[in-house]
Amino acid sequence: MDKDINLLYSKKQLSLNKLALRVRFVRWIAFSVFFLVAGVSMMFFLLLLASPLPELQKTESDLTAQLSQSHDKILKQTLLSIRLTDIAQITAKRSAYGDDLASLRADLPASTTITDFAVEKNQVTMSLRASNLEDLQTYFDNLNTLAKKKKVLSQAFLNSLEADVDKDGQVVDFSASISLTLL
Amino acid sequence: MLNEISTIHSFEDIRLFYFKYKDTPYFSIGMISFVCLISLILFWKAVLPQLESWFSLQDQIKQVNEQITALQANQTTLGTISSATLDDQFNTATQSLPYAKDFAGIISAVDDATIISGVQRDDYAFEVGDLSTQSAQLSPETSLSLKITLRGDIGQVQQFLQAVNKLLPLSEVVTLSYGNDGATVGLIFFYKYLPTNLQINYTDPLKTLTPEQSALLKKLEGWRQDLMTLPVPSASNSAEVATQSASLSP
């Protein structure tokens, strides 16, 4: 057999071929990754270039310019809203002694009059004069009912009840002092 | 091979070098390493910043879109508000809660309440203080107090209290003392300075009136209308007003 003629690959040659194939494969992967990265970079570049942001910013500045022409109106509307919030707080908290007095006078019997009336921080001190005790009693009952129903007042307290006697020893009228706590 | 690299001086040398080593494992490994390095640099220096920019851009677009929507909404809202109505509403609110110490309005309210109730009142005075200085604006004080003596029966005093409660500027009766000599009423009249730090941002939603605020405004406008239909003060009342103006503290 001629030693120069050898149609089969030797083991060493086979292993070298295998290595070369692997190297080619790795090279193919390396180039693929390179083109992929370059492609992705190009894609992002184009996406950034084609961004609608400048156009949107122009629309925004146009709208802002239009609204700035109505600045006074916007300011007035804003101040109105703030002012109404303040007014609502005031009207919700402020006392209504006029209405309270009207409610207290509403149930007052005909023969009974208020001689003194003082109110501060929802505390009322009231002096009454009546020609008969029944009317006073009726009024006290009315005040009690109001306090129980938590209408106008929350508490009624009778400080004193006096009977005024004339020279003949006859009771002329009655006077009472009451303390009330308004709601 | 490294020695040979140092001898490369021309394009021809590069060509010869390439053809000599192109089939060797060194070339392939070198080429792969070079491509990988370039890919890595490209990814690190170009793709990552671009990705970051893209996300940032999307955020900006979202923000600008939101601002455009807010601006358009404000423009639509503004279109529905009539300037004349707004002026009228603003005047009512300002008359109700003035931006400064409205001593003229206070005198007018007291006079009107007097006319409505039919009580007689004595001269009165109140301390007005700073009118529009910066120190006054920074002051936490938001009301002017006033003590007034009235002569009339308890029914008239009650009417005075009810009337003053529905007159502008807004006030509150803080004390009342009624006796044989008449009544002494302690009143406070409210005011509030303009907010010093108010900034108008067109993208902030325009504050429209809530149903509660509209109802309140309607009530105030009703009081204002009632005030306009009050009878003109008689000559004696006008003379009393002049006396009060003279007795006002500066």
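Visitor: How do the residues lining the largest pocket divide into nonpolar, polar and charged?
Guide: This is a predicted model, and in it that lining divides into seven nonpolar, two polar and four charged residues.

Visitor: OK, and what's the volume of the largest pocket?
Guide: About 290 Å³. Of the 13 residues that line the pocket, the closest to its centre are Ala20(A), Val23(A), Asp23(B), Thr24(B) and Ser28(B).

Visitor: Which elements give two or more residues to that lining?
Guide: Those are α1 (11-49) of chain A and α3 (25-80) of chain B. The most comes from α1(A), which gives six residues.

Visitor: Let's move on. How much space lies in the second largest pocket?
Guide: About 190 Å³. Its lining includes Asp86(A), Gln89(A) and Ile90(A) from chain A, along with Phe190(B), Tyr191(B) and Lys192(B) from chain B.

Visitor: New topic: chain B. How many helices and strands does chain B have?
Guide: Nine helices and four strands. Going along the sequence, the pattern reads α-α-α-α-α-β-α-β-α-β-β-α-α.

Visitor: What percentage of chain B counts as buried?
Guide: Of its 250 residues, 38% are buried. The accessible surface of chain B is about 14300 Å², and 57% of that belongs to carbon and sulfur atoms.

Visitor: Last one: what about contacts in chain B between residues at least 6 apart in sequence?
Guide: Among those, 72% join residues at least 24 apart.

Terms used
Residues are numbered from 1 along each chain as its sequence is written. Chains are lettered from A and ligands numbered from 1 in the order in which they are written. This is a predicted model: local features need pLDDT of at least 70, side-chain atom pairs count only at pLDDT 80 or more; totals for chains, interfaces and linings use all residues. Side-chain values use heavy atoms; hydrogens and water are left out. On a 1 Å grid over the protein atoms alone, a cavity is a set of points where a 1.4 Å probe fits but cannot get out, and a pocket is an open set with protein on both sides within 12 Å along at least five of seven lines; lining residues have an atom within 4 Å of a point. Grid points are joined across faces, edges and corners, and a volume is the space filled by probe spheres set on the points. Ala, Val, Leu, Ile, Met, Phe, Trp, Tyr, Cys and Pro count as nonpolar, Asp, Glu, Lys and Arg as charged, and the others, Gly among them, as polar. Buried means under 20% relative accessible area, exposed over 50%, partly exposed in between (1.4 Å probe, protein chains only). Contact means heavy atoms within 4.5 Å. Accessible areas come from the Shrake-Rupley method with a 1.4 Å probe; for residues, only the protein chains shown count as cover.
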